[in-house]
Amino acid sequence: AYETIITDFSDNDNKLTTSKPLLSKKMFDQFNVALKERSKIGHYAEITFIGINSANIKEHKEIDNILQVTVDFVCEVITCMKNNEKKIISGDPEKIKRLYDTWVFSRDTKSNNPNWQLVDTLT
């Protein structure tokens, strides 16, 4: 889920396609607003996902049949932002960058859907 969301948010079409079922409505709306703003100013992201170095469960709990888990991720990516003329405005398409994220996932234990959804980002 982490890789799918990161790459979907950071690909150059400025649309969320493959990650939509992995996002709560709140997170989908937040990501979508950011993508629309990015597209409006003519910026596009390029990303190469290298891999996850670690994914550690920081906290987990169950409230009224809703499981919630907070995960600290450390991953490596190559990423840059370009404008409409394909000029690099941030990042480096040749340099590996380390990302540190803390994400909160949730799942209803009564649901037949095995997928967890991203419900919050803490970093």
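N65 is partly exposed, with a relative accessible area of 29%. This residue sits in the loop between β1 and β2, and its phi is positive, near 65 degrees, although N65 is a residue other than glycine. The model described here is predicted. Its protein chain has an average pLDDT of 93, and 100% of the residues score at least 70. The points below cover the loop, the pocket, the nonpolar core and the confidence by element.

**Loop between β1 and β2**
- Most residues other than glycine have a negative phi.
- D64, which is not a glycine, has a positive phi of about 50 degrees.
- D64 is placed in the loop between β1 and β2, where N65 is also found.
- The relative accessible area of D64 is 70%, and D64 counts as exposed because the cut-off for that class is over 50%.

**Largest pocket**
- A probe the size of a water molecule, rolled over the atoms, shows where empty space is left.
- The volume of the largest pocket is about 410 Å³.
- Its lining is made of 22 residues, and I6, F9, S10, K97 and L99 are those nearest the centre of the pocket.
- Two or more lining residues come from each of α1 (2-10), α2 (25-40), β1 (44-63), β2 (66-82) and β3 (88-108).
- β3 contributes the most to this lining, with eight residues.
- Sorted by class, the lining of the largest pocket holds 11 nonpolar, six polar and five charged residues.

**Largest nonpolar core**
- In soluble globular proteins, nonpolar side chains tend to be buried together.
- The largest nonpolar core consists of 19 residues.
- Within this core, the residues with the most contacts are Y2, I5, L23, F31, W103, F105 and L118.
- At least two core residues are supplied by each of α1, α2, β2 and β3.
- β2 provides the largest share of the core, five residues.
- F31 touches I5, F9, L16, L23 and L118, when residues up to four places away in sequence are not counted.
- F9, one of the residues that F31 touches, is also among the residues nearest the centre of the largest pocket.

**Confidence by element**
- Among the elements of the protein chain, α1 has the lowest mean pLDDT, 91.
- The highest mean pLDDT, 97, belongs to strand β4 (residues 117-121).

Definitions and conventions:
Residues are numbered from 1 along each chain as its sequence is written. This is a predicted model: local features need pLDDT of at least 70, side-chain atom pairs count only at pLDDT 80 or more; totals for chains, interfaces and linings use all residues. Side-chain values use heavy atoms; hydrogens and water are left out. On a 1 Å grid over the protein atoms alone, a cavity is a set of points where a 1.4 Å probe fits but cannot get out, and a pocket is an open set with protein on both sides within 12 Å along at least five of seven lines; lining residues have an atom within 4 Å of a point. Grid points are joined across faces, edges and corners, and a volume is the space filled by probe spheres set on the points. Helices (H or I, at least four residues) and strands (E, at least two) are DSSP runs, numbered from the N terminus. Ala, Val, Leu, Ile, Met, Phe, Trp, Tyr, Cys and Pro count as nonpolar, Asp, Glu, Lys and Arg as charged, and the others, Gly among them, as polar. pLDDT is the predictor's confidence in each residue, from 0 to 100. A nonpolar core is a set of buried Ala, Val, Leu, Ile, Met, Phe, Trp, Tyr and Cys residues joined through side-chain atoms within 4.5 Å. Buried means under 20% relative accessible area, exposed over 50%, partly exposed in between (1.4 Å probe, protein chains only). Contact means heavy atoms within 4.5 Å.
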